[in-house]
Amino acid sequence: ASRRLRADGPRGRGAGPAVTLSTSPPAAAVQPLPWPALQLVLGPLAAAAGVLRGLRGRKGRRAALRRHGSTAVERSVVETAERVGVLTRQAPRVEPVETLPPLVYHAMPFPGKFDIVPTKPMATQRDLSLAYSPGVAEPCIRIRDEPEAAYAYTNKGNMVACISNGTAVLGLGNIGALASKPVMEGKSVLFKKFAGVNCIDLCIDRPDQDNFVDTVKSLAPSFGGINLEDIKGPDCFHIERQLKELMPIPVFHDDQHGTAIVCLAGLINAMKISKKSIEDVKIVCNGAGAAGIACMNLLIAYGAKRENCFLCDTNGVIYPGRPGGMNEFKEALANESVTEDMTLAEACRGADVLIGVSAAGAFTEECVMALGPDPVIFAMSNPEPEIRPTEAKRLRPDCIIATGRSDFPNQINNVMCFPFLFRATLDCRATQINEEMKMAAALALADLARQPVPEEVKRAFDGRSFEFGPDYIIPTPFDPRLIRVMPPAVAKAAADSGVARRPIENYETYPDECAALVA
């Protein structure tokens with residue numbers, strides 16, 4: 001949705017240039033645009049926020065400070081915003097949008113990354129009487145008598161909660177629930193942007209896993225699904241397992257399964273290119289947290305032999321009865337062929353696949369050079385990978401490498417999974433997100449990368465090759481075909497496996513229905 005406003009206030013006041021405010025960032029993310037700061041920063045409530053109303057010079061700075069506070073941090077944000085032109089009536093410099101300071105992006109002109117807007121008329125007394133008392137009583141009574149009616153009369157059927165306690169946020173670690181909110185807001189808008197799923201971030205100050213479960217388990221009436229995020233291991237495994245048992249709606253920990261799904265999709269295609277079979281390859285995964293354990297489990301479910309899979313943590317290879325740093329989830333993936341301590345570099349000898357969900361620089365020259373011929377390297381640590389593609393290619397020109405970064409080919413990014421997975425889950429009212437649905441998502445994603453790429457995707461990434469091969473084993477997050485391909489595959493798997501309470505009736509029209517939600 002977009003609105004036309006004048007840069008210096010509501011329409012009709014002043015002579016500032018009219019601008020179209022859009023919430024869609026894809027084109028802006030790849031090329032210089034006029035008014036880049038405005039296109040990315042201004043939201044539909046810019047006029048209501050009043051930040052742009054005639055702010056200029058010292059007078060404008062004082063007005064902004066009155067609205068946004070006077071701490072040193074807030075003053076710095078406002079001054080930076082003025083320098084890039086967000087708080088003035090002059091057009092900002094034409095420059096790549098990635099140069100926009102992150103604090104300005106998040107703070108101006110309205111704090112945060114999304115707002116809640118009504119979907120029903122709210123202009124008259126009659127509207128109010130329908131939206132609230134007395135008209136609201138009728139759907140309440142209907143839902144009391146028939147709980148499934150909540151999907152017809154409320155937003156429950158298209159509403160997900162993105163929930164974290166802030167104990168393992170990106171590469172920042174245990175920063176707490178409040179500090180995790182920018183990440184959870186970001187996750188919420190990705191649900192909406194890519195799949196039309198409404199999502200609310202809930203940052204819960206419950207670092208203890210039992211207290212966290214006690215809090216979350218009571219939220220089912222408000223939501224159609226739960227997306228858990230940035231919870232430390234091994235707590236995340238216990239929390240997800242308990243909530244899936246306690247809650248009547250799907251519960252999904254994206255750090256585990258979203259990463260695993262996209263990783264498997266990329267690996268399926270890398271195996272095709274290198275002409276190797278999943279049943280025969282030796283796989284080493286460095287990182288035994290949520291993502292690492294989920295990746296190994298899904299690879300084994302796809303066909304990798306357990307005896308060929310070696311999971312490593314900071315203490316080296318995980319093997320049965322290892323004396324330190326173990327838990328039940330690591331123990332389940334312990335390689336029985338190992339009986340004594342073994343380092344990551346030692347495990348890499350002759351390996352076909354090296355997966356990293358660990359730390360920057362973890363893949364040393366010794367590790368990479370020890371790999372077998374035509375190795376596949378997935379260095380997924382963020383923001384800095386275990387090894388940079390340039391270095392990996394220098395050491396091993398025969399390798400296929402993927403990272404979690406958008407500035408290198410083959411980005412392993414969860415956003416290619418979770419919005420579309422939940423789109424299908426909500427639409428067919430699945431009782432859970434099971435292994436069949438995860439596998440269907442991975443297979444659909446892998447297959448999409450082998451199809452011809454639309455011109456609009458090629459134009460968005462000027463200079464990038466999008467022909468299936470070593471530098472293109474996975475689609476890009478902005479591929480418009482994802483919304484048409486992923487939900488139908490997942491919804492069909494839900495129906496076939498018996499967890500869909502309302503299976504999709506027409507799979508021929510369903511892709512268009514999904515696409516219309518994000519048009």
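**Close-up views of a predicted model**

View 1. The side chains of Asp427 and Arg423 form a salt bridge, 2.8 Å from N to O. A salt bridge here is a side-chain nitrogen of Lys or Arg within 4 Å of a carboxyl oxygen of Asp or Glu. The model is predicted: local features need pLDDT of at least 70, side-chain atom pairs count only at pLDDT 80 or more, and totals for chains, interfaces and linings use all residues. Residues are numbered from 1 along each chain as its sequence is written, and side-chain values use heavy atoms, with hydrogens and water left out. Both partners, Asp427 and Arg423, lie in helix α18, four residues apart, about one turn of the helix. Helices (H or I, at least four residues) and strands (E, at least two) are DSSP runs, numbered from the N terminus. Asp427 and Arg423 are both buried. Buried means under 20% relative accessible area, exposed over 50%, and partly exposed in between (1.4 Å probe, protein chains only).

View 2. Arg241 and Glu328 meet through their side chains at 3.7 Å, N to O, in a salt bridge. Arg241 sits in helix α11 (residues 235-246) and Glu328 in helix α14, so distant parts of the chain, 87 residues apart, are linked. Arg241 is partly exposed, at 39% relative accessibility. Glu328 is partly exposed too, at 44%.

View 3. Arg481 and Asp479 form a salt bridge at 2.6 Å, N to O. Arg481 counts as buried at 14% relative accessibility, and Asp479 as buried at 3%. Elsewhere, salt bridges with shared partners join Glu384, Arg388, Arg405 and Asp407 into one network. The structure's count comes to 23 salt bridges.

**View 4. Aromatic pairs.** The structure holds six aromatic pairs. Rings of Phe, Tyr and Trp (its six-membered ring) pair if their centres lie within 6.5 Å; planes under 30 degrees apart count as stacked, over 60 as edge-to-face and the rest as tilted. Phe252 and Phe422 have ring centres 5.9 Å apart and planes at 85°, so this pair is edge-to-face. Phe252 belongs to strand β6 (residues 251-253) and Phe422 to helix α18 (residues 418-427), 170 residues apart. Both Phe252 and Phe422 are buried. Phe466 and Tyr472 are also edge-to-face, at 5.3 Å centre to centre and 80° between the planes. Phe466 and Tyr472 are buried. Phe191, Phe252, Phe418 and Phe422 make up one aromatic cluster.
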